[in-house]
Amino acid sequence: SGLLLRRLIITTGERLMNLPEQIDYSDYREVSGVKVPFTVRHATWNAVTTEKFADVKINAPIDDAVFVKPAPKP
């Protein structure tokens, strides 16, 4: 299908052992002509999380008020 199914990342360093990170993509659906994964599973050496999206919008308008810096607390 040519769709991305898995991404594997190995983080290494002088003082670190290899730390694997795996991201699995599934449940692809078409949104505005683009195939988008609606399930993303992220596994690291100490945690596993799964995100399941109910709705995805491409180039959805976002109100500028969302990006306004909050006022300082008195």
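My notes below go from the sheet to single residues.

**Entry 1: the sheet.** I am working from a predicted model. I traced the strands and found four of them in an open sheet, ordered β1-β2-β3-β4. The pairing came out antiparallel. I also looked up the twist, which averages 25 degrees from one strand to the next.

**Entry 2: the edges.** Which strands stand at the edges of the sheet? I got β1, residues 6-11, and β4, residues 48-52. Each has a single partner strand, so one side of each is left without a neighbour in the sheet.

**Entry 3: β3 and β4.** I then went to the pairing of β4 with β3, which spans residues 34-43. The two run antiparallel and are joined by five bridges. Looking across from alanine 43, I found valine 48 of β4 standing opposite.

**Entry 4: aspartate 27.** Next I went through phi values. Aspartate 27 has a positive one, near 55 degrees, and this is a residue other than glycine. I placed aspartate 27 in strand β2, residues 19-31. Is its side of the story buried or exposed? Where does serine 32 lie? I found it in the loop between β2 and β3. I looked up its accessibility as well: serine 32 has a relative accessible area of 65%, which is over the 50% cut-off, so I logged serine 32 as exposed.

How values were computed: Residues numbered from 1 in each chain as written. Predicted model: local features only at pLDDT ≥ 70, side-chain atom pairs only at ≥ 80, totals over all residues. Heavy atoms only, no water. Pairing = 2+ DSSP bridges. Helix = DSSP H or I, 4+ residues; strand = E, 2+ residues; numbered from the N terminus. Axes fitted to C-alpha atoms, helices over the stretch in contact; angles between N-to-C directions. Buried < 20%, exposed > 50% of the residue type's maximum accessible area, 1.4 Å probe, protein only.
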